[in-house]
Amino acid sequence: MDSQTLTNLFSCTFSPDPNVQKRAELEIRKLGGQEGMVTATLQIIGNDSVDIPTRQAAAVYLKNRVYSSYFVDQVSTSRPDQTPIPLSDRNNLKASILPLLASSPSRAITVQLAGALKNVVARDFPEHWPSLVEDVKKLLASSNVNEVHAGCVAALEMVRAFRFRQNNDILPKLVDEFFPNLVNIATQALSNAPVTANQDVPTILHLILKTYSTSIILHLSPHQQSPESLVPWGRLLFQVVNLQIPKEAVPEDEDEREKSEWWKAKKWAYKILGRLFHRFGNPSQLPSTLQKDYGAFAQHFVTNYAPEIFKIYLHQIELYVSGHAWLSKRCQYRIFTFFTECVKPKSTWALLKPHFQTLVSSYVFPQLSFTPAKQEEWESDPIDFVRTTVADEFEAFDSPVSAATSFLFSLASNRTKTTFLPILAFVNGVLQSKPAAPQRYGALNMTAALGPFIMRHPDVKGNMEQFLIQNVLPEFNAPEPYMRAIACEVLGTVIKAGFKFSNEQVLQQHFTAVAAAIDDPELPVRVHACLALTEMVTDSPSVKNAVAPQVGKVIQTLLKLSEETDLDILNHCMESMVETYQTELLPVAAELTARLCETYARLAKESQSAEDIDASAVDMDSIMENDINEDKTFAAMGVAKTISTVVNAVDSSPEILAQLQEIIIPIVVFTLENKILDLLDNMYDLVDALTYKLRSISPNMWPVFELTYKLFKSDAVDFLDEMLPSLDNFVSFGTEMFKARPDYRQMVLDIYQTAINSDHLGENDAVNGCKLAESMLLNLRGCIDDALQPIVSTALSVVDKAETNALRLANLNVLVNAILYNPVATLHIMEQAAPGTARKFFDKWFEAIKQDNRLPRVHDKKLSIMALCALMEIDPTNVPDSIKEGFHGIVSGALKLFQEYPKAVQARKELEEAFHNESDESDDEDDSKYLNMNEDEEDVWDEDSAYVEMLANEGQRLREKSEKVAAGEDFSDDEEEDEIEEELGYISPLDNVDPYVTFKQALTAFQMKNAPGYQLATTSLSPDQQTLLMEVMRVAEEHSVQAAAQS
């Protein structure tokens, strides 16, 4: 391998000429599989005479090569750079990487080398790299700061390699080996070096603290729980948190200061203390599955460490509020996340209780007020202001506003009696003092945040109308636009939470104010006005009627705002408006849909372009940390849901629906052609709705069917659950096309067989495949004779392999459908498979018929009745010998099904009624989810606590199952399978068939074609069965008379 040639190639990879760049990349890719390539790359990275950009390009290549090819088995691949790295190169890599880290000339190269190291460690340590721990410890013990830095990087990457492994005996050993050294290095560096702009100490401190944080994602090792570890690490963490950093040691710009090494180190210290308390050190909230491992530690931590953490954090906030110290946003977030965690446990609440009012007034209130930073964002980027304040503010990971609001929520919901009224008194006190607009905004912002709590508090909710009149209505005319916006937000929030105006005139005043705000010159005001108006329309008949003549204009405003902001919450508004004004919007439905489809297409394209990156350059960490197209994808999903709402709204007009279908098909085709997998669910919802409501398949819809098959056979094999309803509709409503197109029939058959046979799919997919086979057999009667043999053979292969009741039933129904389709041919195919197969099937079938709930749904029972009727009508010479002996049992089997059939029909009817009643009822939420009115000073265990407990128990169960399966042991899952319930939306050709009339006709044919068999079948009936037979015949006669009268 010529080192100079390779150096030149790496140099060309960042050439401004894209052609030169591409040629170099292709040439490097060709050389990738050659032995010595990795070794030569390592030499270039370590060569001080090569310029740093070229060395960096080589480091990037090395990381990606190791990521893509270190794990590859010894098999041929289509790309030479993805062939396994040869053993000689692997050995050279392991020998070189630590010295390269120690001599790295730039952070960018260090990052790439660290990524490569982590992937090698994950694969080779400890078995194939036993010396690594000692090599790293030597670096950590060095007097050379660069070597210590390299040792810290290596320790971090080794911990990262094993951080997510559940059954992990390696990580605790790494902790034992490295952490005593690391805490000593950090403590000495902090004690001996002054806090200056020099980056060596804070960088090493940052790496060491990040290593500790990474080690406690899932577990806290026995060493970390011991006093020998906890005391020095706790001392170090407190020292870092208390560290006052001089201005000259960090950048003056606050954004740059946030990113400085000193503040990164402080951020990790706060994060570690928070994690130790939240995950391991809070006994009142510790899940039962963790009690054995961490119960004693939790009690020790909450007693000895939590009070000290609280004291230090409170001091930091006091310094920040008084202006004596600066705190980064991440650190503020961590502090208030800890304070929020302190609300539920009795012991920490005792610490927090005397200070909560001060914290609310001195920190939470200023955070929720209109700050200069918010003013700057409003003016420079109003769209982003709306996005952060409406959609993301309370969820943002590092936002102090988010942490302050969560703290407010926790106080209000968990310690209601102590905190709620004092907090509201503070809000009222602020408003009554008539302060400047930014402070009024803060008070109203707190009101909006607490709106759902206020409207559930019996002592407070009755005062809301007067509060709105005095404090909210006047702000609609405020000169400050943000006050108009917050007025809309408060009004919308309390109405959504259940507020009702008692005075129609006051309601009209508020409606007039909101209607005017929709035309406000400021975009954030218009957005909040639309949100408020949506709630008013949904809640008030008079507002609904008042808006009706102008609903077209409102929808246009919503569309324009949605296109400007890509805010998903506006799509919810549009959906609500469309559902409310279905009749009024019929004339403009096509125009509205076209606009929505344009928006969807734009977002889908932007989402797709954001994903067009070289997959080989992406590893798990970058996937976790950087989801670049998420916003566009979610926005596209929201628009697609709105389109679905329009489709559902116009289903009373088939002509308009057909128009909409032609407008929508191009976006479906675009999504499928470009394989935008994240949006497939939404697209198939649309295809399902259109084809189901129209009960037909338009010519332009068939390419969607073809694309669906191609997608299933390539990138989307695991999307059958999403595809199934649409595929079923294609078969059900496109029967003429399937009759004319053998290739279409083959596609559906192939999907069924793939769903059953693919190793990549599970039993749920097999169930979906069975449903598709059922659809073929029921809808294409007489047209798929050539498919009957492969369907039956495929289904027979599943009989003894199915593990779930759902698959057993679905597979049984396929075979029963085959009997119904052509009983003689199906029985012949069964016997051809192996003598006695028909008998085996009949035994399984009749076992299901005789046992309660094995054929639970109306469709299951009716299908089996119809198949038994088909068997009654066959010539006795076509009955295989293996089933002749018990063949007469088909009559008693049908009667057993008729015995249960009326109950199943009635249960389905009640289920349908309950479903409709549920959708009509308002979605009242339990007030106890919001308020803890029965509070004493004990630990609080709420819905969130129960949810964490449930997750922990389920995780433990799945781990135990995984361990036993891996060990080859039988695993008995105590949790019973869910009952198989009625599918209310399911339709089939059997729906219009009367099983009673069919049975009567079949029994008559049985008597005529097989008199001995009929005689045996009827005389072997018990007296109860004979009575039931007469009742079934009576009902059949009654139904025949009714049908004749109706015709």
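A residue is called buried here when its relative accessible area is under 20%, exposed when that area is over 50%, and partly exposed in between. The structure before you is a predicted model. Of the 1047 residues in its chain, 52% count as buried. The secondary structure comes to 53 helices and zero strands, and the C-alpha trace spans about 105 × 85 × 60 Å along its principal axes.

Helix α37 covers residues 680-694, and its 15 residues should span 21 Å at 1.5 Å a residue. Which residues of α37 are buried? They are Leu680, Asn682, Met683, Tyr684, Leu686, Val687, Ala689, Leu690, Thr691 and Leu694. Directly after α37 comes arginine 695, with a positive phi near 55°.

Let me now turn to charge pairing. Side chains of opposite charge can pair when their charged atoms come close.

Glutamate 134 has a relative accessibility of 43%, so it counts as partly exposed. Lysine 137, at 22%, is also partly exposed, since the cut-off for buried is under 20%.

Another salt bridge links aspartate 800 with lysine 840, at 2.5 Å from N to O. Where do these two partners lie? Aspartate 800 sits in the loop between α43 (785-796) and α44 (805-821), whereas lysine 840 is in helix α46, residues 837-850. The pair therefore ties together parts of the chain that are 40 residues apart in sequence. Is aspartate 800 buried or exposed? Its relative accessibility is 52%, so it counts as exposed, the threshold being over 50%. Lysine 840, with a relative accessible area of 39%, is partly exposed.

A further pair is formed by lysine 884 and aspartate 881, whose side chains meet at 3.4 Å, N to O. These residues are three apart in helix α48, residues 881-884, and so are separated by about one helical turn. Lysine 884 is partly exposed, with a relative accessible area of 44%, while aspartate 881 is exposed, at 65%. Elsewhere, salt bridges that share partners join Asp566, Arg602, Glu606 and Lys632 into one network.

The negative patch is formed by Glu252, Asp253, Glu254 and Asp255. Within this group, aspartate 255 is found in helix α13, residues 254-259. How accessible is aspartate 255? Its relative accessible area is 48%, so the residue is partly exposed.

The other patch is nonpolar and consists of Tyr947, Met950 and Leu951, which together have about 310 Å² of accessible area. Methionine 950 is located in helix α50, residues 943-966. With a relative accessible area of 41%, methionine 950 is partly exposed. Thank you; I welcome your questions.

Conventions. Residues are numbered from 1 along each chain as its sequence is written. This is a predicted model: local features need pLDDT of at least 70, side-chain atom pairs count only at pLDDT 80 or more; totals for chains, interfaces and linings use all residues. Side-chain values use heavy atoms; hydrogens and water are left out. Patches are made of residues with over 30% relative accessible area and no salt bridge: like charges are joined within 9 Å, nonpolar side chains (Val, Leu, Ile, Met, Phe, Trp, Tyr) within 5 Å. Accessible areas come from the Shrake-Rupley method with a 1.4 Å probe; for residues, only the protein chains shown count as cover. A salt bridge is a side-chain nitrogen of Lys or Arg within 4 Å of a carboxyl oxygen of Asp or Glu. Lys and Arg count as positive and Asp and Glu as negative; His and the chain ends are not counted. The place of a charge is taken as NZ of Lys, CZ of Arg, CG of Asp or CD of Glu. Helices (H or I, at least four residues) and strands (E, at least two) are DSSP runs, numbered from the N terminus. Buried means under 20% relative accessible area, exposed over 50%, partly exposed in between (1.4 Å probe, protein chains only). The expected span of a helix is 1.5 Å times one less than its number of residues.
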